[in-house]
Structure formats: structure tokens, C-alpha cells
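Here's a quick tour of one chain and its place in the assembly. Have the model open while you read.

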Amino acid sequence: MERPRTPPEQYGTSVTRPPDFDAFWQEVWDEASRIPLEPRVEPVPLRSNEHVATYEGSYTSLNRVRIATWYCVPRRPGPHPAVIYLPGYISEPPLQKGREWAARGYACCVVAVRGKLRSNAQFNPGYPGLLTYNIVDRYTYSYRGLYIDACRAVDFLLSRPEVDPERIAVTGSSQGGGLSIVVASMRREIKAACPGAPYLCGIRDAIQLTHTYPYEEINDYLRLYPERREQVLATVDYFDGINLAPRITCPTLVNIGGKDTICPPETGYAVFKAIGASIKELKVYPEEGHSAGAAQHEPLIIEWIARYIGSPSS
Amino acid sequence: MQKPADFDAYWERTMQELDRLPVAAELELNQLRSSPEVTIYNVRFTSIGPYRLFAYYAVPVGQGPFPVRVQIGGYQSVVTVPAGSPTGHWDGGNTARLALCYRGQRHSDKPYAAAFPGMLTDGIEDPQEYVWRGVVADCCRAVDFVCSRPEIDVSQITLTGNDLALMAAAFRSDRLAGVSAAPALFYRLEEALPRATAYPLEEFNDYLRLYPERREQVFRTLAYFEPLYFAPRVRCPVRLSGDPAWLELLRRALGNQS
């Protein structure tokens with residue numbers, strides 16, 4: 001007995017912007033800025049090859065949580081343009097992507113945000129679990145620190161002598177797409193962004209539009225604690241990509257799948273509309289699900305990043 | 001890569017090790033993940049080591065006994081709560097599901113938290129110490145667990161997963177109505193590895209790049225995990241997925257089971 005579905009591109013959003021949204025994030029950044037980065041790199045010979053040197057990079061983030069990365073560097077003289085690759089919700093940060101970007105000539109930092117393997121000694125809510133961790137309180141909500149983990153990958157790259165600080169891009173899909181929007185919105189150093197199938201955008205809408213994990217974690221939580229609904233929705237608005245996207249100024253290429261049941265296409269259209277950059281492009285793969293046409297789309301990401309931060313040889 | 005002369009003995013020893021240990025199951029209601037259509041339990045039981053494992057167990061609300069599908073997850077740390085249809089709603093189906101977290105995966109990570117990448121070569125120098133020997137036992141134990149449940153129709157147990165599902169089916173055929181397997185980790189590695197450029201198979205290449213002198217040792221261990229050598233022991237119906245040409249050898253080894 002479902003109502004006919006509004007065309008996804010016309011759906012819009014019910015996300016609201018809290019009046020103290022900017023002040024809230026300013027406070028988070030102020031708190032983060034008092035925590036030293038303490039960047040470290042350790043060579044990982046097992047994951048290196050003739051073209052790419054792989055390191056375990058690490059740094060300190062909000063709440064002094066130690067964040068691990070795969071840091072892959074081309075075996076040729078720098079300075080290199082750099083790519084931050086952000087991970088999905090349940091998958092481990094893909095070393096594969098780091099090696100591929102480094103083989104193309106970019107230094108690539110693949111981030112294990114808090115809760116992932118190697119970054120879970122101090123914070124480990126699990127999957128499911130992360131999305132609703134302290135979800136009634138924006139000051140201790142999981143993603144408050146996790147967003148900073150992603151943003152500080154920029155500082156990690158800036159600490160590296162082989163990285164060209166003027167040429168940093170960010171990409172990832174699903175949670176990695178949502179986090180790409182976060183990092184591009186919060187860090188001026190980002191010169192190009194390619195979020196795919198962005199998660200954490202239109203959260204209020206997504207929990208109505210889909211019943212798959214991870215968004216379903218919120219519905220599970222509200223089924224058990226219906227009286228906390230307003231508190232939960234109030235929290236997630238502070239973390240919604242739709243509220244952050246207007247700050248993005250770098251050229252941004254978004255891809256979504258028209259049949260995505262994990263991150264509904266409605267939310268992809270809504271966040272794309274909200275992106276503040278004057279150069280932005282939306283690529284819709286109408287027949288694709290949550291992959292959002294990844295295989296077909298990848299060459300466009302490579303081209304976009306090369307166009308806006310310069311190909312490695314330039 | 002030849003079938004090791006003691007292939008059968010190696011696995012029979014492993015299965016005897018498992019048989020000596022009680023399943024010792026504990027079920028705990030997971031109220032947060034349950035819904036009006038399905039009850040989710042957090043389950044723990046014991047495998048070789050001895051090692052305590054975790055699984056999510058989804059039982060439809062209603063009158064059993066239910067058919068059950070035992071799911072062996074892919075090669076990653078996180079195992080998801082079994083859901084119903086692709087839209088997430090429990091599909092109204094009458095089939096219970098068990099989603100196993102094998103040793104090293106999240107929730108079955110104490111004391112052994114596997115690295116991804118890393119787990120594929122953990123202990124690879126010695127067949128007895130190779131972590132996947134225990135993982136195969138874990139998969140068999142998941143079948144033992146559902147067999148022990150009164151709400152399950154034991155004539156309707158199916159197993160699904162990658163190579164591991166087929167390996168476990170070799171030792172639990174008499175309990176299984178069928179197995180679906182999509183070989184991904186151990187099949188025809190001598191041919192697959194030189195062509196592989198992506199993880200997880202790249203883990204083997206990484207290892208051989210760093211330790212070229214251990215090549216013989218590595219393949220000696222991997223021979224105990226070649227799905228082709230498990231095939232003759234599988235006596236329940238098999239559905240294979242993957243490239244038919246690549247799987248043809250396995251299909252032939254399975255004879256009229258596939």
C-alpha cells in the first residue's frame with residue numbers, strides 16, 4: 001500500500017539547519033586545534049612494491065584518539081599531488097585504493113577513522129553500533145570525533161615533505177562519500193572532491209526512505225526508544241552533509257545510483273543541490289544500486305582530480 | 001599444486017579435534033536488532049583451539065520448525081546482522097539465518113583479532129598453524145549449532161559463502177540440504193596469483209614478494225585448502241557462482257553434485 005514515490009530529484013529534504021550550527025563546529029575545531037597532531041610514519045615492506053612505498057601513517061585526533069592510515073607514496077621524487085581516500089562504514093580502509101592512486105603518481109592517505117581496525121583501541125562501538133553511539137548528545141556523538149579524524153588527514157599530508165600542499169583532493173564512496181563532503185566543507189586546502197553515493201546526507205529523510213543498514217540502526221534505536229526521537233533527529237542535523245555542503249568551494253563531482261537502497265538517491269540529489277561550489281557536477285547512474293556505477297565512474301574521478309589538482313607529471 | 005598425500009588425514013584430525021569439543025551454545029536476545037517479524041539473538045559457541053565464536057541468529061516470528069541458511073561472510077572484519085530483502089525489510093520468508101563471525105572477525109576477535117589485509121597469510125608457513133584450518137572448523141561448528149536447535153527443521157539446512165562454505169560442506173554433507181559457494185580465496189591459486197592485482201589475493205603476492213624463498217612452503221600449506229580437493233567429499237547438492245569457464249574444473253571435480 002505504498003504511496004507512489006516522488007521522483008527522487010524532486011524529493012527535496014526535511015533536514016533543518018540548527019541555528020547554532022556554525023558555533024557548534026567552531027567549538028569542535030577549537031578543541032581539535034589544541035591537540036597536537038603527532039604524525040608518525042612506519043614503513044610497511046610487506047605492502048610495498050617496486051612502484052609504491054607503503055607506510056602505516058598515524059596521527060592524533062579529537063579526544064586524543066590515535067588514527068591509523070595506509071599512506072602510499074610513489075617511488076619517484078616529489079613533491080606529489082595527494083589524495084585522501086575515506087572508507088565505507090563497515091569495510092576496512094582499502095589499501096588497494098592507496099596503491100592504485102600511488103601507482104598513478106599521487107601520495108595517497110587511506111584513513112582508518114576511529115572504530116576501524118588499528119584505530120579502535122580507544123573507541124570501538126562496532127557495526128552496527130557506530131551510527132547510534134551517543135546519538136542523543138551532539139557533544140559526545142560518534143561522528144563528532146570521526147569527522148575530525150577524516151579532516152586531520154589533511155594535516156597529516158601537510159606534515160609530509162614529499163606532498164605538494166597546494167594539490168590535495170579527497171574521494172571515497174558511501175561513508176567515504178559522506179566524509180569527502182565533510183572534509184571538503186571543513187578544509188580550504190582541499191582543491192577537488194569526488195564523493196560517491198554519499199552517506200550521512202539527508203539522514204532524517206534516509207531513515208524514512210530505506211530500511212537497510214546502516215541507516216536502519218537509527219530505526220532500530222527508535223523502535224526501542226521511541227521517546228527519544230526528537231533528541232535523535234536534533235543531533236543528526238548537526239552532522240548532516242546537507243548542512244555542511246554549502247561551505248564547499250572546491251570543484252566537486254558527485255556520483256549516485258538511481259536504485260541505491262543503502263543511500264537513497266533522493267538524499268544524493270539533495271546534497272548535490274546544497275553544495276556551494278560553483279564548479280560541480282552530478283553523475284547519476286540510473287540503473288545502479290549502492291555501487292553508484294563505481295567501475296564505470298572511476299575514470300571520471302581520475303580525470304576530475306587530474307584536472308583540478310594537476311596530473312602528477314605537471 | 002598436488003593434493004597432499006595426507007590431505008584426508010589432516011582434515012580428519014581437525015574434525016576429530018572439533019568433535020571432542022562441546023558446542024556449548026549460549027543465546028542472548030538482541031532486542032535492539034529484533035523487530036515484529038524477526039527475533040535476533042547473539043549466539044556464542046565453541047570451535048577448535050578451543051575458541052569461542054560469535055554469530056547473529058535470526059529466527060522468524062511464528063511457528064517453527066524453520067528452514068535455516070547458515071551464512072559464511074566474506075573476507076572482511078565486519079559481519080552484518082542478517083536482514084531480509086534487499087530493501088532491509090524482513091522479507092516475510094520463513095527461513096532462519098545464522099551469520100557466523102569466524103575467528104578473527106569482529107565479535108569473534110578475542111583473543112585473535114585478524115588483520116585485513118593480513119589474515120590470508122597468517123600462519124601460512126605451517127599447515128598445522130595456518131589460521132584457516134580453524135576457520136574451516138568454525139564453519140562446520142556453525143552447522144552443528146543450528147542442528148542443535150529445536151526451532152530448526154534439520155532437513156532444510158543450507159550453507160552459503162565463498163570457498164569456506166564448500167570446504168565445510170565436505171565435512172557436513174549429511175546435515176546439509178545444499179550449499180551455495182562462490183570460490184574467492186583459495187581456488188587454483190597457482191594460476192590465479194600471477195594474474196591477480198587486487199586484494200585479497202594480492203596478500204599472497206605481497207607475501208611471496210617479501211619472502212620468495214618460502215614459495216614452496218606457502219604452496220604446500222595452500223594445497224590443504226584447494227577447493228578441488230574437497231570436492232570429492234561433498235555429497236549434497238552444490239550451486240556454484242562465478243565465471244563458469246574458470247569454475248569448470250571444480251564443477252567436474254564435484255561430479256553430479258553441482
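## Chain B at a glance

Chain B has eight helices and eight strands, where helices (H or I, at least four residues) and strands (E, at least two) are DSSP runs numbered from the N terminus. Bear in mind that this is a predicted model, in which local features need pLDDT of at least 70, side-chain atom pairs count only at pLDDT 80 or more, and totals for chains, interfaces and linings use all residues. As for labels, residues are numbered from 1 along each chain as its sequence is written, while chains are lettered from A and ligands numbered from 1 in the order in which they are written.

Confidence first: pLDDT (the predictor's confidence in each residue, from 0 to 100) averages 95 in chain B, with 98% of its residues at 70 or more. The model gets ipTM 0.94 and pTM 0.96.

Buried residues (20 or more other C-beta atoms within 10 Å of their own, with C-beta atoms placed from the backbone) come to 44% of the 258 residues in chain B.

## Around strand 3

Strand 3 (residues 51-60) of chain B is largely enclosed by the rest of the structure, because nine of its ten residues are buried. Here is how strand 3 pairs up; two strands pair if DSSP finds at least two bridges between them.

| Partner of strand 3 in chain B | Sense | Bridges | One bridge pair |
|---|---|---|---|
| Strand 5 (residues 96-101) | antiparallel | five bridges | Phe54(B) and Cys101(B) |

Strands 2 and 3 of chain B also make a hairpin with three residues between them, and Gly49(B) in the turn has a positive phi of about 140°.

What does Leu100(B) touch, leaving out residues up to four places away in sequence? Its contacts (C-beta atoms, placed from the backbone, within 7 Å) include Leu53(B), Ala55(B), Val70(B), Ile72(B), Cys139(B) and Ala142(B).

## Meeting chain A

The contact between the chains draws 24 residues from chain B and 23 residues from chain A. On the chain B side, those residues split into twelve nonpolar, eight polar and four charged; Ala, Val, Leu, Ile, Met, Phe, Trp, Tyr, Cys and Pro count as nonpolar, Asp, Glu, Lys and Arg as charged, and the others, Gly among them, as polar.

Note on methods: Contact = placed C-beta atoms within 7 Å. Buried ≥ 20, exposed ≤ 12 C-beta atoms within 10 Å, placed from the backbone.
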